[in-house]
Amino acid sequence: MRRVILLILIMFLTLSITKRNETLEMIGYIENTSDYEYDGSELPTVLSMSNKDVCTEIGVDYYPCNIAGFYDHKTNQIIIAQTATDGMIQEDFHDVVLIHELVHFLQFINGYYDSVPCRRALERDAFAIQDAYIDYKELSQENKNDPLFALIASMCKGNPEDMIMMPPNRN
């Protein structure tokens, strides 16, 4: 019985170390391709939850909300949906979302959350680095961002410098 418990513990620790190393490798890539720096802060906990629970967690009252993941700086957690969202495929989905959310983690610890006109502006670098990482790792091109979507998703509402002609809000 002790051997079984010990074996399970060793497998868990090996998996944890592997995931930590993969996360640090991604952070190294972000550092090498941007101005963001990792200062040794505690790495975020990465959790996976159903797509519907992701929508609920961020306070969206409709489903599907097509949110692949998010970084919560208050809890230092990255939440990733279990299933690829519209415009993405399941292959490499987790890694593609993780690199994107790690950009937000580095943006937070580097003070960028306080220097942008709106939080949506943080998406610009996250989308660009995500797409560059896909090329670098030769991951599925189908998980790259649609350029128009990336532009619209990173615009600050009401900021004339970030505005393009958009239909009026119908709410």
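## Disulfides

A disulfide is a pair of cysteine sulfur atoms within 2.5 Å. The structure described here is a predicted model, in which local features need pLDDT of at least 70 and side-chain atom pairs count only at pLDDT 80 or more, while totals for chains, interfaces and linings use all residues. Residues are numbered from 1 along each chain as its sequence is written, and side-chain values use heavy atoms, with hydrogens and water left out.

The structure holds two disulfides. One of them is formed by Cys-55 and Cys-65, with the sulfur atoms 2.1 Å apart. The angle about its S-S bond is -95 degrees, and the link is left-handed. Cys-55 belongs to helix α2 (residues 51-57) and Cys-65 to the loop between α2 and β2 (69-72), so the bond ties together parts that are 10 residues apart in sequence. Helices (H or I, at least four residues) and strands (E, at least two) are DSSP runs, numbered from the N terminus. Cys-55 is buried, at a relative accessible area of 2%, and Cys-65 is buried at 10%. Here, buried means under 20% relative accessible area, exposed over 50%, and partly exposed in between (1.4 Å probe, protein chains only).

A disulfide also joins Cys-118 to Cys-156, with an S to S distance of 2.1 Å. This link of Cys-118 and Cys-156 is left-handed, with -90 degrees about the S-S bond. Cys-118 lies in the loop between α3 and α4 (123-136), and Cys-156 in the segment after α5 (147-153), so the pair ties together parts that are 38 residues apart in sequence. Both Cys-118 and Cys-156 are buried. With the bonded cysteines of the protein numbered in sequence order, the pairing is 1-2, 3-4.

## Helix α3

Helix α3 covers residues 93-109, and its 17 residues should span 24 Å at 1.5 Å a residue; the end C-alpha atoms are 25 Å apart, which agrees. The expected span is 1.5 Å times one less than the number of residues in the helix. Of the 17 residues of α3, 13 are buried, so the helix is largely enclosed by the rest of the structure. Gly-111, which follows α3, has a positive phi, near 85 degrees.

His-104 lies in helix α3 and is buried, with a relative accessible area of 5%. Leaving aside residues up to four places away in sequence, His-104 touches Tyr-71, Tyr-113, Leu-122, Glu-123 and Ala-126. Contact means heavy atoms within 4.5 Å.

## Aromatic pairs

Rings of Phe, Tyr and Trp (its six-membered ring) pair if their centres lie within 6.5 Å; planes under 30 degrees apart count as stacked, over 60 as edge-to-face and the rest as tilted. By this rule the count comes to nine aromatic pairs. Tyr-71 and Phe-108 form a tilted pair, 6.4 Å centre to centre with 55 degrees between the planes. The pair links distant parts of the chain, with Tyr-71 in strand β2 and Phe-108 in helix α3, 37 residues apart. Tyr-71 is buried at 9% relative accessibility, whereas Phe-108 is partly exposed at 32%.

Tyr-133 and Tyr-136 form a tilted aromatic pair, 6.4 Å centre to centre and 40 degrees between the planes. Both residues lie in helix α4, three residues apart, about one turn of the helix. Tyr-133 is buried, with a relative accessible area of 4%, while Tyr-136 counts as exposed at 55%. One aromatic cluster is formed by Tyr-38, Tyr-71, Phe-105, Phe-108 and Tyr-113.
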